[in-house]
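Visitor: I have a two-chain structure to look at, and I want to know what stands behind each label. Can you take me through it?

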Amino acid sequence: MCGLCGLLGEDLHWSDPLGDELPRRRERLRRIAAINQVLAVFRLKVEDFQGASYLLLGATGKQALASGLDQLWQAAQDMLGRPLDPLDPKLLDHLECNPL
Amino acid sequence: MSIALNVITGFLGSGKTTLLKRLLQGESLGDTALLINEFGDVGIDHLLVEDIAPDTVLLPSGCVCCSIRGELKEALLTLLQRRERGEIPAFKRVILETTGLADPAPILATLNNDVQLRGRLHIGLVITLVDASHAVLQERLHPEWLAQVAAADRVLVSKTDLAGDCTALRAHLRALNAGTPILDTHAIHSGDQLLLGEGLRSAEPAIEVSRWQLHQTTTASHGTAQVCSLTFDQPLDWVGFGVWLSMLLRCHGERILRVKGLLNVNASNTPIVIHGVQHCLHAPVHLPAWPGSDRQSRLVFILRGLDPALLRRSFDVFSRRFAA
């Protein structure tokens with residue numbers, strides 16, 4: 001738990017920050033920004049929820065809470081009705097052709 | 001203090017129980033708890049080792065697959081409780097012998113994901129026995145064979161006396177699971193030899209890095225498996241890499257039999273080693289330092305039914321995106 005803000009934090013995951021140079025919340029926002037780069041292609045968006053969960057927002061107003069990356073990918077798949085495939089050539093073309 | 005859980009797997013009849021029975025007679029496995037997963041109504045393997053290791057716990061309902069994860073958890077928790085109550089000696093490691101039909105991935109997932117087990121047990125070594133006389137046929141007919149070989153941290157070739165020349169088999173195993181030591185069961189005389197190092201956590205860091213640097217893997221197909229090797233010189237963005245790999249494992253986990261890598265990441269000055277089997281990736285291990293000036297990152301995937309070229313492109317696109 002964070003001593004300053006009293007947040008419980010996210011469940012452990014292998015992709016958690018390797019060092020402790022940045023505060024956990026800041027690291028979490030970096031991860032969310034990275035996820036949003038990928039999800040933008042599908043017109044989905046993720047926001048932080050209480051430093052512990054992810055709030056997934058669909059283009060039509062649908063919302064879902066996920067605690068952890070694995071649950072988040074599952075929630076995004078449920079919302080889209082198809083899996084989020086990082087090998088999908090269309091996704092890769094879009095990421096290549098639309099720089100930040 | 002976390003206790004190592006070592007997994008001994010291998011197809012039916014590859015000699016797992018024979019090896020364990022031989023090694024349990026020695027002193028070096030004296031402080032080992034043994035779990036045996038037996039397929040069938042009567043657990044014969046249990047009886048075979050009973051006289052030597054009386055604390056053997058038999059998982060009764062057969063194959064270690066997703067459906068009995070709970071049972072594996074119960075067996076492990078019971079073992080730990082009995083140890084704490086002093087009913088059994090304070091063992092310092094656990095060996096789990098799987099059935100010959102088991103895919104090791106769910107065992108690793110159980111240990112990784114269960115909050116009651118995590119922190120009390122960690123994965124030591126996955127040791128896979130390969131029956132030299134039937135390997136070719138087993139690989140062709142049974143998908144479990146490949147999953148077991150791909151998950152191995154150490155491969156033991158058994159029945160070499162029956163099979164004759166095993167050079168081609170060894171070369172095939174080396175190509176499938178590069179960098180993994182391939183030994184002969186006849187050359188294993190003690191438990192210490194079998195479990196030397198007991199996994200990455202206690203491996204000598206300089207040797208671990210050298211092992212990666214010496215074993216250059218090339219992308220190629222080997223039977224039904226494809227080995228995909230990625231190398232890159234620039235430090236990797238750890239956050240972006242985590243997003244890419246977690247997404248990939250979520251979508252294609254059952255087709256990624258193994259992923260392992262030595263990584264140079266921007267968030268760490270020291271090498272990071274990752275290991276995963278199917279959907280399950282272990283916590284990354286930090287090695288203390290790079291032994292030389294070579295800081296190239298290496299990632300190896302053992303795939304079944306995934307196009308390595310597409311994987312490479314996806315990795316390149318994502319890493320360029322997140323490096324920006």
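Visitor: How many residues does the contact take from chain A and from chain B?
Guide: Chain A gives 33 residues and chain B gives 34 residues. Keep in mind that this is a predicted model.

Visitor: What area do chain A and chain B bury between them?
Guide: About 3,000 Å². Carbon and sulfur atoms account for 68% of it. On the chain A side, A:Trp14, A:Leu18 and A:Leu87 supply 32% of the area buried against chain B, more than any other three residues.

Visitor: Why is the area used here?
Guide: The size of an interface is often given as the accessible area lost when the parts come together.

Visitor: What makes A:Glu96 and B:Arg313 a salt bridge?
Guide: The cut-off is 4 Å between a side-chain nitrogen of Lys or Arg and a carboxyl oxygen of Asp or Glu. The closest N and O atoms of B:Arg313 and A:Glu96 are 3.0 Å apart. That is within 4 Å, so the pair counts as a salt bridge. The count between the two chains is four salt bridges. Polar contact, with both residues at pLDDT 80 or more, joins twelve residue pairs between chain A and chain B.

Visitor: Which elements of chain A give two or more residues to the side that touches chain B?
Guide: Helix H1 (24-39), helix H2 (69-80) and helix H3 (89-97) of chain A. The residues of that side divide into 19 nonpolar, five polar and nine charged.

Visitor: How do you know that the buried residues of helix H8 of chain B line one face?
Guide: The buried residues in H8 (residues 167-176) are B:Leu169, B:Leu173 and B:Leu176. Seen down the axis of H8(B), they fall within an arc of 65 degrees, so they line one face of the helix. On the other side of H8(B), B:Thr167 and B:Ala168 are exposed.

Visitor: And what arc do the buried residues of H1(B) fall within?
Guide: In helix H1 (residues 16-24) of chain B, the buried residues are B:Lys16, B:Thr17, B:Leu19, B:Leu20, B:Leu23 and B:Leu24. Their arc, seen down the axis, is 160 degrees, so they too line one face of the helix.

Visitor: Why does B:Thr110 count as buried?
Guide: Its relative accessibility is 5%. Buried means under 20%, so B:Thr110 qualifies. B:Thr110 is found in helix H4 (residues 105-113) of chain B. Its side chain reaches the backbone oxygen of B:Pro106 at 2.7 Å.

Visitor: Why is A:Ser53 called buried?
Guide: A:Ser53 has a relative accessible area of 16%. That is under 20%, so the label holds. A:Ser53 sits in strand E2 (residues 53-57) of chain A. Its C-alpha atom is separated by 5.6 Å from that of A:Ala66, 13 residues apart along the chain. Leaving aside neighbours within four places in sequence, the contacts of A:Ser53 include A:Arg28, A:Glu47 and A:Asp48.

Visitor: Why does A:Arg43 count as exposed?
Guide: At 62% relative accessibility, A:Arg43 is over 50%, so it counts as exposed. A:Arg43 lies in the loop between H1 and strand E1 (45-49) of chain A. Its phi is near 60 degrees, a positive value in a residue other than glycine.

Visitor: What is the relative accessibility of A:Gln50?
Guide: It is 51%. The cut-off for exposed is over 50%, so A:Gln50 counts as exposed. A:Gln50 lies in the loop between E1 and E2 of chain A. Its phi is positive, about 60 degrees, although A:Gln50 is not a glycine.

Terms used
Residues are numbered from 1 along each chain as its sequence is written. Chains are lettered from A and ligands numbered from 1 in the order in which they are written. This is a predicted model: local features need pLDDT of at least 70, side-chain atom pairs count only at pLDDT 80 or more; totals for chains, interfaces and linings use all residues. Side-chain values use heavy atoms; hydrogens and water are left out. Contact means heavy atoms within 4.5 Å. Buried area is the accessible area (1.4 Å probe) that two parts lose on being put together, summed over both. A polar contact is a pair of N or O atoms within 3.5 Å; within protein, one must be able to donate a hydrogen and the other to accept it, and residues adjacent in sequence count only if both atoms are side-chain atoms. Helices (H or I, at least four residues) and strands (E, at least two) are DSSP runs, numbered from the N terminus. Ala, Val, Leu, Ile, Met, Phe, Trp, Tyr, Cys and Pro count as nonpolar, Asp, Glu, Lys and Arg as charged, and the others, Gly among them, as polar. Buried means under 20% relative accessible area, exposed over 50%, partly exposed in between (1.4 Å probe, protein chains only). The arc is that of the directions from the helix axis to the C-beta atoms.
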